[in-house]
Amino acid sequence: MFFLIPLGHSKLTVKDFPYLVAGIILICTILTGATFSAMQNDAEDVESAVENYLSYFNRYPYLSLTNEFLITLPANERMVYDIQREWVDWYFQSSNEVDEFLKSNERRMSKRTVASDVADFVDSAGQSKGGMLNGMMSFEDQVNISPKAKYDFLLMLSLTPVKRAENQQENLNERWEQLKHISANTLVNRFGFIPAHPTFTGIFTYMFLQVGLFHMLFNMIFLWLAGAKMEDTWGRHLFAALYILFGIVAVLTHTIVHPHSIIPVVGASGAIAGVMGAFFVRYAKAKIKFFYVLWLISLVPHKGTFEARAYVVLPMWFLIELVYGLYFDKGDVAYWTQVGGFMTGVIVALAFKYTDFEKRILNRELDDDDENVKDDVLIAFQESNIDATEKNPETIVPDIAGLNGAAVKDYSGFTTQLFVFNEILINHITDGEVGIKVKRVNDILIGPENIEFIAVGRIDRIDKNEAGKIFSLGLPNEPAYVITLVKRSKNPESATREVYLINAEKCQYPKFLPNEFLMQSSEKKFTLLTRLLLKTFKDTTYIHGPGPRTENNLPIYDSVDTMTRHIQKSIKKIG
């Protein structure tokens, strides 16, 4: 036995809570709980009606099943039925030949042994339908079309008066009508999607019904893991529209493969598969964590966790569904909804990727899908327009993670530094200097000798009164990413320090970041900008953050005042 379930992935962090995905999960959970008992009762009633219909047919196999029911039969059972219809046609079209067949085989059949039955069975299996039956039918199916079965079938038919056979057929038809009535009033028939009888409402409602608790549980786990990130990426409204689109295309794919099926399709699997397809394209390098249980021969099962990239596991899952759809699909499991949904998600995500839709139309920052961004690409871009000697990239650009190793201890009893804040805009960055704009003065050049301290951080709460005094170019949005450059004081004894503030929102990144980095998240671009400034101001002291970090290891402050006070303490301690 092998059990596998995803637990999470490396891209699960989102900027906004996925209310839409959470709402879909809540709706599906409530509907599953509210309809579970009714669905169980419906399933028992339908199963009983099917048994009533088939048991009567099996007593009189020369009767005819309805076409609606025949299309639900597996291929092997349908083949047995078709062969038996050929016997019925032979009986009514060539009654003399059938009489001769029965007379010639009467004596032989009465003296049959087990060995002769097996010999006839093997012979029929190899010859019937060009040998196809041998690979498609079970032992029981092939016994049902053996010479002995053929003799018994025709003998029963010959002993049944035509009038009695007609009455039996009417009785079978009545049982079919009972089955149809029971099925039509089940929840899955009323709110599911039936390929043979499609409805406009069914194409929407089918994806919110789940058959069984485990069906619902696994669907919702996959929806949360893939959907939360895609809702955050696309926005709530677009995600809602595409989720519905994926579900519609998914069930239409199933309908194309099974156009005459009367088995209702229910479940969110097709729509979720579309979300998974989009996630595969959008976050192919995401690491997905799985929990597994492997129980073979030993009494104690093996269990544990492992990680695999999305570009490995999601295509494998898709291929499994495709293989089942191509070779094992009997129409009772909607493999093709998942195939169609996944492919639709892939196509939509690829279209968005190659048209730059998310950035140009949605105006949304793209998350970085490369978790191993190298410094040398960044450095090469910055040094392409300057005359500088070749340096080791690993030493020129320190990593933020390496600089934020320790927190500054708190202390008291110091004289408060008097800060003069000026918000600046960066014009350009080279290996030796930074060009800035302060107020109305453009392109002021500052170098390593001008800056004594650097501090960076994410500020979660922006107080209008507090921040309005120091951000002269407009209040930042929450959360704000801010860099503070503390100028070197000409008078070491002075308590006044001038501070340059850089609000990441107002940075013109195309001026100092390569194109390949412009589609990354705001936080990632902010981190890269910080690394460039640290590269430029080589001898400047970096002020560590006080505690909490983001996933990119940036210090987190709850307010501007908290960040300012921490800088003050750090300068005093270092001084």
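**Close-up 1. Strand 8 and strand 9 side by side.** Two strands count as paired here if DSSP finds at least two bridges between them. In this predicted model, strand 8 and strand 9 pair in the antiparallel sense, with five bridges between them. Look for I483: across from it, in strand 9, stands I502. Strand 9 covers residues 496-503, and six of its eight residues are buried, so the strand is largely enclosed by the rest of the structure.

Close-up 2. The bond between E478 and P479 is a cis peptide bond, with omega at about -10 degrees. P479 sits in the loop that runs between helix 21 (464-468) and strand 8 (480-487). For context, most peptide bonds are trans.

Close-up 3. Strand 2 (residues 287-294) runs antiparallel to strand 3, and eight bridges join the two.

**Close-up 4. Helix 13 and its buried residues.** Helix 13 takes in residues 236-257, which is 22 residues. From first C-alpha to last it reaches 32 Å, close to the 32 Å expected at 1.5 Å a residue. Which residues of helix 13 are buried? They are F239, L242, Y243, F246, G247, I248, A250, V251, T253, H254 and T255. These buried residues pack against a handful of other helices: helix 1, helix 11 (202-205), helix 12 (213-234), helix 14 (269-282) and helix 16 (335-355).

**Close-up 5. Where helix 13 meets helix 14.** Two packed helices are described by the angle between their axes and the distance between the axes. For helix 13 and helix 14, the angle is about 120 degrees and the axes are 7 Å apart. That makes helix 13 oblique to helix 14, and their crossing is right-handed. Which residues come together here? On the helix 13 side they are F239, Y243, F246, G247 and A250, and these meet G270, A271, I272, G274 and V275 in helix 14.

**Close-up 6. T32, tucked into helix 1.** T32 belongs to helix 1, which spans residues 19-59. Is T32 buried or exposed? Its relative accessibility is 2%, and since buried means under 20%, T32 counts as buried. Leaving aside residues up to four places away in sequence, T32 touches Q210, G212, L213 and M216.

**Close-up 7. D356 and its positive phi.** D356 is in the loop between helix 16 and helix 17 (357-360). Its phi is near 60 degrees, a positive value in a residue other than glycine. Most residues other than glycine have a negative phi. With 23% relative accessibility, D356 counts as partly exposed.

Definitions and conventions:
Residues are numbered from 1 along each chain as its sequence is written. This is a predicted model: local features need pLDDT of at least 70, side-chain atom pairs count only at pLDDT 80 or more; totals for chains, interfaces and linings use all residues. Side-chain values use heavy atoms; hydrogens and water are left out. Helices (H or I, at least four residues) and strands (E, at least two) are DSSP runs, numbered from the N terminus. Buried means under 20% relative accessible area, exposed over 50%, partly exposed in between (1.4 Å probe, protein chains only). Contact means heavy atoms within 4.5 Å. The expected span of a helix is 1.5 Å times one less than its number of residues. Axes are lines fitted to C-alpha atoms, for helices over the stretch in contact, and angles run from 0 to 180 degrees between N-to-C directions. Angles under 35 degrees count as roughly parallel, over 145 as roughly antiparallel, 65 to 115 as roughly perpendicular and the rest as oblique. A crossing is left-handed if the near helix is turned anticlockwise from the far one by less than a right angle, and right-handed if clockwise.
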